[in-house]
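Please look over the sequence and the structure shown here before reading the briefing that follows.

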Amino acid sequence: MTSRKWVRMFLTTLLIGGVLTLLTSFILKSESYARVFQPFQLFELIGVLLFFLGFGLIFSVISQMGFFAYLTVNQFGLGVFRRMWPLIQLFLVAFTLFDLVYFRYRAADEATVWPFLWTALGLLVISLVVAKVKAKETNSKAFVPALFFMVVVTTVEWVPALRAGGSAYVWLMIIPLTACNAYQLLLLHRITASNKSA
């Protein structure tokens, strides 16, 4: 990957994270916007927009750090565990999904298990779709690493919002994280393929 293509990938991922967080904030944090419209305060509105845009840029950078960390971990796993690495990844995917449901449910006060279950299932479905597309566009061996990245790495990146509590920030973070991770995963082979053809 050339530095020019890496910078382009970095900037487009940054843009995706910023814009998606901003758009999500209109829905999840609508009360923050309502306050600046009653009465209308231009500078306050700009401040709120920049606040959520800044959050999105931070989420995007977290996503990119996780992506490049995963590329290193994957190579390390292949070198150390060889044929066992895909099975280890599948085990970690299952454990992460279990963790997203069970441990969050146990930590919550007087909550039902269903919101946690639907969150884990939603992440799994999105991850399966992205992994299937990745495998279709590259090869079948890419399915398990892509699934691992989308489930495990996204969840690890999501931990700050999960610990902070407050459902608005949990969703405010997971939507851009998932989009940025999927974008990077599906873009990487296109960039490297174009480098090989050149």
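**Charge, fold and surface of a predicted model**

The mean positions of the 16 positive and 7 negative charges of the chain lie 20 Å apart, where Lys and Arg count as positive and Asp and Glu as negative, with His and the chain ends not counted, and where the place of a charge is NZ of Lys, CZ of Arg, CG of Asp or CD of Glu. This is a predicted model, in which local features need pLDDT of at least 70 and side-chain atom pairs count only at pLDDT 80 or more, while totals for chains, interfaces and linings use all residues. Residues are numbered from 1 along each chain as its sequence is written, and side-chain values use heavy atoms, with hydrogens and water left out.

**Overall architecture**

- The chain has seven helices and zero strands, taken from DSSP runs (H or I of at least four residues for helices, E of at least two for strands) that are numbered from the N terminus.
- Along the principal axes, the C-alpha atoms of the chain fill a box of roughly 60 × 50 × 25 Å.
- Of the contacts (heavy atoms within 4.5 Å) between residues at least 6 apart in sequence, 68% join residues at least 24 apart.

**Burial and surface**

- Buried residues account for 38% of the 198 residues in the chain, where buried means under 20% relative accessible area, exposed over 50% and partly exposed in between, with a 1.4 Å probe and protein chains only.
- The chain exposes about 11700 Å², of which carbon and sulfur atoms supply 72%, the areas coming from the Shrake-Rupley method with a 1.4 Å probe.
- Phe37, Phe40, Leu42, Phe43, Ile46 and Leu50 make a nonpolar surface patch of about 670 Å², a patch being built from residues with over 30% relative accessible area and no salt bridge, with nonpolar side chains joined within 5 Å and like charges within 9 Å.
- Helix α3 (residues 42-81) gives the most to this nonpolar patch, with four residues, whereas Phe37 is placed in helix α2 (residues 30-37) and is partly exposed at a relative accessible area of 45%.

**Salt bridges**

- The count comes to two salt bridges, each defined as a side-chain nitrogen of Lys or Arg within 4 Å of a carboxyl oxygen of Asp or Glu.
- Glu31 and Lys29 meet through their side chains at 3.4 Å, N to O; Glu31 is partly exposed at 38% relative accessibility, while Lys29 is buried at 12%.
- Arg190 forms a salt bridge with Glu137, their closest N and O atoms being 2.8 Å apart. Arg190 lies in helix α7 (residues 167-197) and Glu137 in helix α5 (residues 114-137), so the pair ties together parts that are 53 residues apart in sequence.
- Arg190 is partly exposed, with a relative accessible area of 42%, and Glu137 is partly exposed at 37%.
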